[in-house]
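Welcome, and take a moment to turn the model around before reading on. We will walk through it one piece at a time.

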Amino acid sequence: MKKILVAYFSASGTTAYTAKEIAKTVGADLYEICPIKAYTDADLDWTDKKSRSTAEMSDPACRPEIAGRVENMEQYDTIFIGFPIWWYVEPRIVDTFLESYDFSGKTLIPFATSGGSGIGKAEKSLREHCSKANWKRGKLVNSGAAAWSKSVLGE
């Protein structure tokens, strides 16, 4: 029996809701990617060129530190990776997560939430940060996460 993990970063709660729906639907464990220093509303103000999120996304090498680790990552065969779309790609903290583990031979399935951007550029970026994983096509899941998660697993 394959063991599944849903790992997600959520700045406002939208992605968290979707991640919990997917985990419940596919019987997966859940792990929230949390920054050591939580984001404030001011940090997330994308209209402010000096905000934390803008500074992070302007620096491709930025890797915000994560609080905690996934216990026994080796036990998981399939990992759903969830995040909001920031500047057309995944937030830098998701890159930190991907670069913190060996995903060789594991199946990774991205999902994202967004008010207007697609997931295409994020998928390309994710593959570049974690090329040894077996990536399945991801989806922007502002709704219908349960049905999609079952179908992507072939259930």
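Which residue follows α5, and is its phi positive or negative? That residue is G154, and its phi is positive, near 80°. Before going further, a word on what you are looking at: this is a predicted model, in which local features need pLDDT of at least 70, side-chain atom pairs count only at pLDDT 80 or more, and totals for chains, interfaces and linings use all residues. Residues are numbered from 1 along each chain as its sequence is written, and side-chain values use heavy atoms, with hydrogens and water left out.

Let us stay with α5. Helices here are DSSP runs of H or I with at least four residues, strands are runs of E with at least two, and both are numbered from the N terminus. The buried residues of α5 are A145, W148, S149 and V152, where buried means under 20% relative accessible area, exposed over 50% and partly exposed in between, using a 1.4 Å probe and protein chains only. They cover an arc of only 100° around the axis, so they sit on the same side of α5; the arc is that of the directions from the helix axis to the C-beta atoms. The buried residues of α5 pack against α1, β5, β6 (107–113) and β8 (139–140), contact meaning heavy atoms within 4.5 Å.

Now look at one of those partners. Helix α1 (residues 14–26) and helix α5 (residues 145–152) have axes that come within 9 Å and cross at roughly 50°. This makes α1 oblique to α5, since angles under 35 degrees count as roughly parallel, over 145 as roughly antiparallel, 65 to 115 as roughly perpendicular and the rest as oblique. The axes are lines fitted to C-alpha atoms, for helices over the stretch in contact, with angles running from 0 to 180 degrees between N-to-C directions. Where the helices meet, α1 brings T18, E21, I22, T25 and V26, while α5 brings A145, A146, W148, S149 and K150. The residues of this contact divide into five nonpolar, three polar and two charged. Here Ala, Val, Leu, Ile, Met, Phe, Trp, Tyr, Cys and Pro count as nonpolar, Asp, Glu, Lys and Arg as charged, and the others, Gly among them, as polar.

Next, visit strand β5 (residues 78–84), where you will find I79. I79 is buried, with a relative accessible area of 0%. Leaving aside neighbours within four places in sequence, I79 is in contact with L5, A7, M73, F103, K106, T107, L108 and I109.

Beyond residues up to four places away in sequence, D95 touches R63, E90 and H129.

Finally, turn to the loops. Y88, in the loop between β5 and α3, has a positive phi near 75° although this residue is not a glycine. Y88 is exposed, with a relative accessible area of 51%. One of the residues in contact with S117 is Y88, yet S117 counts as buried at 19% relative accessibility.
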